[in-house]
Amino acid sequence: MGTPRSDMSIKDRELEILIPVPNINVKDHSKSSSPSDSPNTPSSSPCRSHHSSGKEAFSKVIRSWTSKKFITGCVILFPIAITFYITWWFIHFVDDFFSPIYNHLGINVFGLGFITSMTFIFFVGVFMSSWLGASLLSLGEWFIKKMPLMSYIYSASKQISSAISPDKTSQAFKEVAIIRHPRLGEYAFGFITSTVILNTNTGAEELCCIYVPTNHLYLGDIFLVNSKDVMRPNLSVREGIEIVISGGMAVPKVLNIQEVQSILSPRVGKFVVPQV
């Protein structure tokens, strides 16, 4: 007969075979019981994500503020730089007319040619205002108009220069006008260049020749509009030219339309209505 200890060991082995007991590693148990992996301890990932989102928001604000200030500086400095550049270019351009003469004489003073050119232009204006100067100018224009290519260039440039001429008797823009164009409820800026008399079976009618620029100032359409349908705002010719060149940005906030002139209008020119 076996001893009771051997019987107990045999029973224990049989129980181990029927119900296996897993081997628990001490290291694994220590890892699983660490405070960082336990579900009861708070995680540090939300804090890190909140910190990174705050940095991104702050950087976005800084970039937006920097770009806005940079664009503001460009907007302010751009017209100033363009003004100084064009002015400097104009001074050099005018100075080059007489500076070679002074350089040939050994006088190298910057600006002396510019002053000489301005003085020369002034005396040309004084001379051309006289009867002799006007006669010479008419003779020179007659020669230029006989040339095929130069006649077109001279005529176009003269019309543009006459538009801003202080001489009211020249063929310049007489007044700024507003007409209904191209349809009812829409208006267009234009310039009164002349007036004509339209004789029909019903009588005589005064028409204003309105020049409406379509491409800045040197290209446009011509409309013959009844003088009673022409609206004359309180704008000078130079202000009208600034409005056209600026693309409408120089239009004043309020425009006052003056009274409609009758046929005997001193602003456009008096005339006698012929009998039909």
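I began with the surface: the accessible area of the chain is about 21,800 Å², and carbon and sulfur atoms account for 66% of it. I note here that the model is predicted.

Next I looked up how much of the chain is buried. Of the 276 residues in the chain, 20% are buried.

I then turned to the secondary structure. I found seven helices and four strands in the chain. Following the sequence, I recorded their order as α-α-α-α-α-α-β-β-β-β-α.

I also looked up contacts between residues at least 6 apart in sequence. Of these contacts, 38% join residues that are at least 24 apart.

My next entry concerns charged side chains. Side chains of opposite charge can pair when their charged atoms come close. How many salt bridges does the structure hold? I found one.

Which side chains meet in the salt bridge? They are those of Glu175 and Arg232, with 3.3 Å from N to O. I placed Glu175 in strand S1, which spans residues 175-180. Arg232 belongs to the loop between strand S4 (219-226) and helix H7 (237-245). The two parts are 57 residues apart in sequence, so the pair ties together separate parts of the chain.

Key
Residues are numbered from 1 along each chain as its sequence is written. This is a predicted model: local features need pLDDT of at least 70, side-chain atom pairs count only at pLDDT 80 or more; totals for chains, interfaces and linings use all residues. Side-chain values use heavy atoms; hydrogens and water are left out. A salt bridge is a side-chain nitrogen of Lys or Arg within 4 Å of a carboxyl oxygen of Asp or Glu. Buried means under 20% relative accessible area, exposed over 50%, partly exposed in between (1.4 Å probe, protein chains only). Contact means heavy atoms within 4.5 Å. Accessible areas come from the Shrake-Rupley method with a 1.4 Å probe; for residues, only the protein chains shown count as cover.
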